[in-house]
Each structure stands twice: as C-alpha cells, then as structure tokens.
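This report is for a reader who is new to the structure shown below. Please look at the model first, then read on.

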Protein chains: 2
Amino acid sequence: VRTTTENAQLALLLEVASTPKPGNVDREREYDDLRFEHFLAGAVAARDGLRLAAGGEELGVAFERAIAGMSQQSGGNTQFGAILLTTPLLGAAAEGDLSPEGARSVITETTVEDTAKFYEAFEHVDVAVSDPPDDLEPLDVRRGAEAIPAIRERGLTLGDLMERSADQDGVAAEWTSGFPRTFAAAESIADDEGAVTDRAARAYLELLAEEPDEFVVTQHDRETALEVTERAAALTESEEDPRAFAEELVDRGINPGTTADIVAGALFVALERGLEV
Amino acid sequence: VRTTTENAQLALLLEVASTPKPGNVDREREYDDLRFEHFLAGAVAARDGLRLAAGGEELGVAFERAIAGMSQQSGGNTQFGAILLTTPLLGAAAEGDLSPEGARSVITETTVEDTAKFYEAFEHVDVAVSDPPDDLEPLDVRRGAEAIPAIRERGLTLGDLMERSADQDGVAAEWTSGFPRTFAAAESIADDEGAVTDRAARAYLELLAEEPDEFVVTQHDRETALEVTERAAALTESEEDPRAFAEELVDRGINPGTTADIVAGALFVALERGLEV
C-alpha cells in the first residue's frame with residue numbers, strides 16, 4: 001500500500017502523464033522550454049515537502065519546501081498551483097479527515113507564519129499572477145520575502161489571503177470553498193473505467209467545459225477563457241478527438257493551468273481513497 | 001541540487017519517458033496490461049529502497065525494499081532490472097566513488113545475506129528469467145525465499161551469483177565487468193544535446209545496435225535478438241524515423257528490457273555527474 005506522500009507524488013506524475021489535456025504539457029505535447037521531463041524532475045524534488053505536509057508539518061513550511069524542491073529544474077514553474085492545491089489536502093489526510101470539512105479545518109488553522117512561508121516560496125520560481133488592486137500593492141506575491149513585513153503588520157493568515165484572491169484565482173477559490181471541484185473530479189475519476197491517465201484526461205476536459213480557467217484569464221483575457229470553455233463543452237458532447245484542440249491550444253500558447261492543478265488534487269484524493277494503478 | 005536518491009528516482013522516470021525506445025514502454029507506447037502509469041507508480045514506491053542504497057545500507061536489504069515498493073502497482077514487473085542495475089551504483093555513490101572501480105568494490109563486499117534478500121525480492125513480482133542448468137535448479141531465482149537454505153549452504157555471495165549468470169543476463173554482465181556499457185552510455189548522454197529524454201532514446205538505440213539484448217534471447221531466441229540488433233544498427237546509420245520500428249516491436253511483443261535497464265543506470269550516472277534537467 002502506498003503512503004500518503006507517495007500518493008501525492010504519484011498524483012503529480014499521473015497528472016502530467018494524462019493525455020490529451022488541451023493546452024497543458026502532457027506526455028505527447030510539450031513546449032521547447034517547458035518539457036515533460038521538467039515536470040518529472042519537479043515531482044521528484046517536491047517529495048520532501050509533500051512528506052512534511054503528510055506528516056502534519058505547518059502548511060507554509062511544507063509548501064515552501066515542496067516549491068524549493070520543485071524549482072530544481074530548468075523549465076521554471078511546473079507544479080506551483082498543483083502543489084498549492086494539494087498541500088491542505090495532505091494536511092487533512094494527516095489529520096485522518098480527507099474531506100471538504102477536513103480541508104477547511106486545516107485552512108482555518110493557518111497563521112501569519114504560513115503566509116510568510118507562502119511568500120518565500122515565490123522567491124524560488126516565477127509564477128504568472130495578475131496585478132493586485134492598488135491598495136494591495138504592498139502584498140503583491142511577486143515581491144516575495146520583501147512583502148513579509150507588510151503581511152505581519154496586517155496579521156494576514158494564509159486562509160485570509162486566499163479568500164481575498166478567490167475571485168481571480170481558481171486554486172484560491174478551491175481553498176476557500178472546501179475544494180468542491182477537486183472532490184467532484186476525484187469521484188468522476190474513481191467511477192470511470194480504464195487507464196488512470198485516460199480517466200484523468202476525461203476529468204480535465206469536463207472541468208475545462210464547466211468553468212473558465214482563471215489562469216487563461218490571467219495570461220490572456222476572459223474572452224479567450226470563455227472560448228476555451230465553450231470549445232471544451234462542445235468536445236465533451238461530441239465524438240470528436242480532442243487531440244486537434246490540444247494541438248491548437250499549445251500552438252496559441254493557451255494554457256489552462258488551474259484546470260490541470262485541480263486534476264492533480266483530484267488524483268491525489270482518488271488515490272488516497274483506493275484508486276488502483 | 002538533487003540528492004542521490006532523487007537522481008535515482010528521476011533516472012527511472014526519465015528512462016520510461018524517453019521515446020522512441022523500440023520494444024519498450026515509453027510515453028508514446030504501452031501494452032494494455034503494462035502501461036506507462038505502472039512505471040510511474042513503480043518509480044514512486046521504489047524510492048524508499050533507493051534511499052537506503054544511497055545511504056550505504058546493505059545492498060540486498062536496499063534492493064529488496066525497492067522491489068517491494070516497485071511491485072505496489074498492478075502492471076507487474078516494471079523496473080526490476082533497472083533497479084538491480086542501479087543499486088550497486090547507488091552504493092558506489094554512497095562511498096563517494098561512482099566509477100567502475102567503486103561499483104566493483106561494492107559488489108566484492110556483497111555477502112550471502114545480500115543473496116538471500118535478492119531471492120526474497122523475487123517473492124514480490126514475476127520476473128522473466130531463463131531456466132538454470134540442471135545442477136543449479138535448487139538455486140532457481142523463481143523459487144524465491146524457498147531457495148535461501150540452498151544459498152546459505154553454498155555460501156554464495158550476490159557477486160558470485162551474478163558472475164554465474166553473466167553469460168545469459170545482461171544486467172549480471174554489467175555487474176561483473178564494472179558496468180562498461182552503463183558508463184559509456186552515461187557519457188554519450190552527457191555529451192549529446194537537447195532534451196534529456198531525446199538523448200536517452202538515442203543512447204538506447206546505440207546500445208541496442210551494439211549487442212543482442214539478453215532479455216530478448218530469454219523471451220524469444222537468439223535469432224530474434226540478432227535481428228533486432230541488426231535493424232537497430234541500420235537505423236543508427238540512416239535518417240529513417242525509428243518510430244515504425246518501435247511500433248513493430250511492440251506489435252510483435254519483442255521487449256529489449258536489458259537495454260532499457262542500462263539506459264536507466266546511465267541516466268543515473270549522468271545525473272550524478274551533473275547532467276541538467
């Protein structure tokens with residue numbers, strides 16, 4: 001039987017191996033400077049941080065360690081969002097309650113120190129985020145550790161911070177609402193049949209068809225994100241092969257990263273609940 | 001900087017991700033019952049054993065633990081040979097001497113207890129091996145732990161056992177001769193350019209062109225292994241895309257597993273020597 005740490009690492013690997021996942025790196029599609037192998041290396045070196053989270057370590061400490069490891073490859077940001085989404089789920093598993101309530105409870109207990117470690121994590125890697133409103137400029141995550149004094153001054157816990165970002169960040173939205181899309185996708189993967197990477201690819205397309213991907217909104221605009229959602233919805237209702245759509249999104253540099261992050265979290269939940277590989 | 005354990009795990013992952021590797025599972029080709037995802041799960045759960053080897057634990061103990069982990073997936077034998085090949089290299093790295101001499105020295109120090117653990121490892125998974133000569137039937141590895149009394153009686157160290165198998169097992173041949181093909185392939189990967197998984201795929205084809213794969217001899221016959229070698233040699237000298245050959249070998253169920261094992265070991269050596277991913 002795999003440990004919780006092993007399931008978290010395997011979830012990261014299965015996510016990137018699942019194909020086709022239109023717009024994201026998968027085992028059949030990659031970018032010249034962001035390759036499949038970078039995701040493998042990211043998952044390998046994230047493991048020590050994942051282990052800390054699975055052992056009940058402070059969420060911020062575990063997250064920062066996982067990101068420091070993940071960044072030990074030359075592709076840049078491979079799994080920042082996936083690890084951010086999965087860390088509270090690991091905490092919930094450590095408490096023996098991997099459920100929406102368990103995850104909420106872990107997040108409610110976050111402190112200002114978790115926020116400080118979260119900001120430190122941005123020192124390791126460039127993450128694409130949208131500009132904060134003017135009054136929140138001192139809290140811009142891209143300032144990294146420099147923003148920590150402002151964080152402490154305001155007494156902002158990591159749960160608070162995520163709540164503030166929930167309307168423009170799909171991972172933060174999951175944090176703040178008990179991970180509804182993650183748990184639903186976990187069920188859909190568990191109830192599906194066949195190879196796990198095929199199941200995860202189908203779950204990805206369903207999630208993509210359901211809601212605009214906030215990472216696409218950040219990198220492009222809402223119109224593009226809506227177009228992707230509609231095209232994905234049409235594909236889930238047709239017999240058409242999603243591979244052409246996958247090629248097109250990669251060519252256009254449209255990368256629904258939040259949707260992939262949710263699939264990684266869903267795979268972790270499904271594995272913890274007994275999904276066989 | 002990645003640890004030795006992380007490099008060993010990453011080597012297993014990069015090996016299976018490298019494509020095309022004619023006849024072996026890679027990220028574009030798999031069998032219905034032996035899939036890419038099984039190799040990911042194998043590499044994830046092998047890590048605790050790899051960590052023991054990297055920490056200088058007895059070779060047999062570390063190997064058995066890695067195989068016990070690797071077997072925690074439903075595809076069967078994914079990386080038995082790759083792990084067997086890499087374990088003494090991990091031991092050599094633990095001694096600070098990852099070289100032919102370092103590996104020889106680790107193997108010279110093996111004991112009967114290492115052999116006993118090696119036999120225990122066969123309890124976890126079915127491995128395709130050839131029949132032993134009649135007088136060695138009591139030592140048939142497929143007897144697993146049952147063979148241990150006979151092992152102890154003969155005082156056979158793991159180094160001795162490998163020497164006896166070297167003429168019919170390509171991994172044992174590497175063990176007994178200071179890993180010449182593994183170290184040469186590591187250099188060829190390090191000197192090559194481009195994505196690591198492309199370099200490893202080229203190294204695989206060169207190795208395949210160089211010598212008949214003993215695993216193909218075991219599963220089919222020497223004639224088939226020779227045919228594969230000649231076809232691979234022709235490909236390395238032409239501009240032809242090896243993908244058609246890859247499809248053909250998978251269709252015919254011809255699986256040059258030993259060659260893939262050597263590539264995994266070579267990737268480990270190259271990573272330890274600073275190959276960037």
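The sections below take up the model, the contact between the chains, their symmetry and some local features.

## Model and conventions

This is a predicted model, in which local features need pLDDT of at least 70, side-chain atom pairs count only at pLDDT 80 or more, and totals for chains, interfaces and linings use all residues. Residues are numbered from 1 along each chain as its sequence is written, chains are lettered from A and ligands numbered from 1 in the order in which they are written, and side-chain values use heavy atoms, with hydrogens and water left out.

## The contact between the chains

Between them the two chains bury about 2600 Å², of which 54% is on carbon and sulfur atoms. Buried area here is the accessible area (1.4 Å probe) that two parts lose on being put together, summed over both. Of the area that chain B buries against chain A, 25% comes from B:R27, B:E37 and B:V44, more than from any other three residues.

Four salt bridges are found across the interface of chain B and chain A; a salt bridge is a side-chain nitrogen of Lys or Arg within 4 Å of a carboxyl oxygen of Asp or Glu. B:R27 forms a salt bridge with A:E30, and their closest N and O atoms are 3.0 Å apart.

Helices are DSSP runs (H or I, at least four residues), numbered from the N terminus.

## Symmetry

Chain B is superposed on chain A by a rotation of 180° with 0.0 Å of shift along its axis, at an RMSD of 0.0 Å. This is the relation of a two-fold axis. The superposition is by least squares on the C-alpha atoms of residues with pLDDT of at least 70 in both copies. In chain B, the C-alpha nearest the axis belongs to B:R27, 2.9 Å from it. Both copies use the same surface, since 100% of the contact residues of chain B recur in chain A.

## Local features

The peptide bond from A:T19 to A:P20 is cis, with omega near -5°. A:P20 lies in the loop between α1 (4-17) and α2 (36-54) of chain A. In chain B, a cis peptide bond joins B:T19 and B:P20, with omega about -5°.

A:F179 is not a glycine, yet has a positive phi of about 55°. A:F179 is in the loop between α9 (170-176) and α10 (180-191) of chain A. At 0% relative accessibility, A:F179 is buried; buried means under 20% relative accessible area (1.4 Å probe, protein chains only).

Definitions and conventions:
Helices (H or I, at least four residues) and strands (E, at least two) are DSSP runs, numbered from the N terminus. Buried means under 20% relative accessible area, exposed over 50%, partly exposed in between (1.4 Å probe, protein chains only). Contact means heavy atoms within 4.5 Å.
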